Amino acid sequence: MAEFSKTLMNRRTIRKYSSQEVDDSLLNELLTMGCRASTTGNMQVYSIIVTRDTQIKKELSPLHFNQKMITEAPVVLTFCADFNRFNKWCVLRNAEPGYDNFLSFMTAAIDALLVAQTVCVAAESKGLGICYLGTTTYTADKIIEVLKLPKGVIPVTTVTLGWPAENPEQVDRLPLEAVVHKERYVDYTKETIEEYYRSKEERDDSKQFVKENNKESLAQVFTDVRYKKSDNEYFSGVLLQVLKDQGFIEQ
Ligand SMILES: Cc1cc2nc3c(=O)[nH]c(=O)nc-3n(C[C@H](O)[C@H](O)[C@H](O)COP(=O)(O)O)c2cc1C
């Protein structure tokens, strides 16, 4: 298999890093490659905050629910949807920015995620390990304070980066036919849901997960433990307030 295909097919999330640094020239190379990602209208409505400082990592740590990768990885990258810079350019050039709305937030968030994923693939192709942290959208209000993000800027995801100090088993994926629809969407039936989720449910690690959490099914581990309705509703409220405070939707 070609080298790049191998990088994509063999990847796995890395949560333990060695003490070896990721030097600035390598990081800059990864960020430069990341910024070649497609971007809406070539506006580049994103910013990337590089955190190496121990004190700032300590401040970020509880905002990522104390996941150890934040303090243990040499580099933490916070990818932000950012219309602040573009708005300022418009104003300076006598152009009226119309980006204080939800669509513009989505535009900037999509741009930020495309850069993030491109940086991740670039990093993995160099043998580095990465882990996304979804906690960013749960505590965006507090991350904004720590990283001093101005109006027009919202953190959308965080990636920890470092040299791997583990080689975990690859985790499963649904079969391709479960996620790909030919020409038009074909809705799932009880039978296809059974078929597509069977091998995931039959894995030993899944069974262990169900047992440890005292649940009847793997789906219940998601609905009752990992991604609960009450949490989702609470953090949706926080994020909606952030969208208001940062000027993307009306107060
Ligand atoms: C948006 C996003 C948020 C994630 N958040 C976390 C996280 O907070 N903590 C963590 O350990 N892994 C996190 N992950 C990693 C996933 O758990 C991981 O990608 C998934 O289990 C599949 O494993 P793999 O990447 O090794 O294939 C996140 C991944 C994504 C894409």
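A residue is called buried here when its relative accessible area is under 20%, exposed when that area is over 50%, and partly exposed in between, as computed with a 1.4 Å probe on protein chains only. The structure is a predicted model, in which local features need pLDDT of at least 70 and side-chain atom pairs count only at pLDDT 80 or more, while totals for chains, interfaces and linings use all residues. Residues are numbered from 1 along each chain as its sequence is written, and side-chain values use heavy atoms, with hydrogens and water left out.

Helices (H or I, at least four residues) and strands (E, at least two) are DSSP runs numbered from the N terminus. Within helix α1, which covers residues 3-10, T7 has a relative accessibility of 16% and therefore counts as buried. When residues up to four places away in sequence are not counted, T7 touches V121, E124 and S125, contact being defined as heavy atoms within 4.5 Å.

The interior was examined through its nonpolar cores, each being a set of buried Ala, Val, Leu, Ile, Met, Phe, Trp, Tyr and Cys residues joined through side-chain atoms within 4.5 Å. The largest such core has 51 residues, and those with the most contacts inside it are L30, L77, F105, L128 and L161. Helix α6, residues 102-125, gives the most to this core, with 10 residues. For L161, with its neighbours within four places in sequence left aside, the contacts include Y17, V22, L27, L30, L77, A123, L128 and I130.

Strand pairing was assigned where DSSP finds at least two bridges between two strands. Strand β4, residues 153-162, runs antiparallel to β3 and is joined to it by 5 bridges; in this pairing L133 stands opposite T158 of β4, and the bridge partner of I130 in β4 is L161. Strand β2, residues 75-82, is also antiparallel to β4, with 8 bridges between them, and D82 stands opposite V153 of β4. Of the 10 residues of β4, 10 are buried, and the strand is mostly covered. In β3, 4 of the 5 residues are buried, so this strand is largely enclosed by the rest of the structure.

A pair of aromatic rings is described by the distance of the centres and the angle of the planes. Rings of Phe, Tyr and Trp (for Trp, its six-membered ring) were paired if their centres lie within 6.5 Å, with planes under 30 degrees apart counted as stacked, those over 60 as edge-to-face and the rest as tilted. A search of the whole structure finds 13 aromatic pairs. In one of them, the ring centres of F65 and Y138 are 5.8 Å apart and the planes meet at 40°, so the pair is tilted. This pair links distant parts of the chain, 73 residues apart, since F65 is in the loop between α3 (54-60) and α4 (69-72), whereas Y138 is in the loop between β3 (129-133) and α7 (140-147). F65 is partly exposed, with a relative accessible area of 41%, and Y138, at 23%, likewise counts as partly exposed. The pair formed by F222 and Y227, in contrast, is stacked, with 6.3 Å from centre to centre and 15° between the planes; F222 is partly exposed at 33%, as is Y227 at 42%. F65, Y138, Y234 and F235 form one aromatic cluster.

The 13 residues of α9 (residues 190-202) should span 18 Å, and the end C-alpha atoms are 17 Å apart, which agrees. D204 lies in helix α10, residues 204-212, and is exposed at 64% relative accessibility; its C-alpha atom is 23 Å from that of K190, a residue 14 places away in sequence.

Backbone angles were also considered. Most residues other than glycine have a negative phi, and most peptide bonds are trans. N66, in the loop between α3 and α4, has a positive phi near 55° and is exposed, with a relative accessible area of 55%. N94, found in the loop between α5 (84-92) and α6, has a positive phi near 60° and counts as exposed at 76% relative accessibility.

Notes
Expected span 1.5 Å × (residues − 1).
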